[in-house]
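Good morning, and thank you for coming. I would ask you to keep the sequence and the structure in view while I speak.

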Amino acid sequence: MSFPIAVLASSRGSNLAALIDAKEAGKLPVEIVLVASDKAEAPALRNAEAHGIRTFALNPKTFPTRREFDEALFARVAESGAKHVVLAGFMRILDANVVEQWLGRIINIHPSLLPKYRGLHTHRRAIAARDAEHGASVHFVTAELDGGPVIAQTRIPIHPHDDEDALAARLLPEEHRLLVACVDAIARGRVELRDGVVHCDGKALHRPLGLDENGTLDAA
Ligand code: GRF
């Protein structure tokens with residue numbers, strides 16, 4: 001029986017598409033049991049539906065507080081049978097209580113080399129800081145925005161004439177490879193959060209994993 005996951009996405013859904021493609025190609029041992037969004041018009045939902053995946057959207061404005069919205073959202077996620085949740089472009093901060101209940105079972109992909117550039121406009125900020133490298137990180141979600149323990153990162157050089165859009169476009173396919181590799185490692189039981197520390201193959205990680213040329217996580 002493959003590993004049941006839910007994906008939360010607010011918009012474009014290219015990371016979700018990468019997970020669906022890998023799964024359909026027989027390269028990812030998961031069942032995407034649910035795709036949910038805070039935006040009814042999110043293209044991610046339409047793509048999921050086209051692949052026969054259950055979807056729903058909840059409008060945060062119809063809930064009095066963030067906590068009530070997140071509790072309703074995660075109640076639906078729990079009902080779906082998902083064991084793990086992937087935030088793939090889910091543009092909301094999660095309530096601390098809800099995160100606590102799901103600790104070690106939610107991951108997020110963020111387009112920066114964390115701990116650099118939490119939050120928005122990461123590509124722009126990396127260029128403005130004249131960084132030589134940029135990248136993406138997949139991390140376990142804690143109550144701190146983009147602050148949870150990092151599982152793995154992918155790195156790309158920043159070229160002298162890169163603008164925000166060019167850099168984002170070059171990073172995106174690497175994000176997809178990274179997310180697929182991390183979900184694969186979690187589904188296979190290779191990666192887990194134990195006592196707040198990421199473990200891979202039973203060993204505590206002292207720095208984030210990388211990707212090898214086959215797109216597999218690598219303790220390089
Ligand atoms: C990605 O850059 C992801 O890292 C960030 O939001 C973006 C979502 O893109 N968290 P998509 O909706 O998966 O195409």
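Cys200 has a relative accessibility of 9%, below the cut-off of 20%, and therefore counts as buried. Please bear in mind that this is a predicted model. The closest cysteine sulfur to that of Cys200 belongs to Cys182, and the distance of 9.5 Å is too far for a bond. Cys182 is likewise buried, its relative accessible area being 0%. For those new to the term, a disulfide is a covalent bond between the sulfur atoms of two cysteines. How many disulfides does the structure hold? The number is zero. Cys182, accordingly, takes part in no disulfide, and the sulfur of Cys200, 9.5 Å away, is the nearest cysteine sulfur to its own.

Which residues of α3 are buried? They are Phe69, Asp70, Leu73, Phe74 and Val77. If one looks down the axis of α3, these buried residues fall within an arc of 115°, so they line one face of the helix. The elements that cover them include the strands β1 (3-8), β2 (30-37), β3 (55-57), β4 (84-87) and β5 (106-110), together with the helix α4 (96-101). After α3 comes Gly81, with a positive phi near 90°.

Just after α2 we find Gly52, where phi is positive at about 75°.

A pair of aromatic rings is described by the distance of the centres and the angle of the planes. Searching the whole structure gives two aromatic pairs. In one of them, formed by Phe63 and Phe69, the ring centres are 5.5 Å apart and the planes stand at 80°, so the pair is edge-to-face. Are the two residues buried or partly exposed? Phe69 is buried, with a relative accessible area of 1%, whereas Phe63, at 22%, is partly exposed.

Phe69 also leads us to Asp38, a residue with which it is in contact. What does the side chain of Asp38 meet? A polar contact of 2.8 Å joins it to the side chain of Ser10. When neighbours within four places in sequence are left aside, the residues in contact with Asp38 are Ala9, Ser10, Leu58, Asn59, Pro60, Phe69, Phe90 and Arg92.

The next region is the loop between β5 and α5 (122-128), where Pro115 is found. The peptide bond that joins Leu114 and Pro115 is cis, with omega at about 15°. Tyr117 has its place in this loop as well. Although Tyr117 is not a glycine, its phi is positive, at about 55°. With a relative accessibility of 16%, Tyr117 counts as buried. His121 is also located in the loop between β5 and α5. For His121, too, phi is positive, near 55°, in a residue other than glycine. The relative accessibility of His121 is 43%, which means that this residue counts as partly exposed.

Finally, let us consider Thr216, located in the loop between β11 (210-211) and β12 (217-218). Thr216 is partly exposed, its relative accessible area being 34%. Where do its contacts lie, once neighbours within four places in sequence are left aside? Thr216 is in contact with Arg190, Gly210 and Leu211.

I thank you for your attention.

Technical notes. Residues numbered from 1 in each chain as written. Predicted model: local features only at pLDDT ≥ 70, side-chain atom pairs only at ≥ 80, totals over all residues. Heavy atoms only, no water. Buried < 20%, exposed > 50% of the residue type's maximum accessible area, 1.4 Å probe, protein only. Helix = DSSP H or I, 4+ residues; strand = E, 2+ residues; numbered from the N terminus. Arc of directions from axis to C-beta. Contact = heavy atoms within 4.5 Å. Polar contact = N/O pair within 3.5 Å; in protein donor to acceptor, adjacent residues only side chain to side chain. Disulfide = S-S within 2.5 Å. Phe/Tyr/Trp six-rings, centres within 6.5 Å; stacked < 30°, edge-to-face > 60°.
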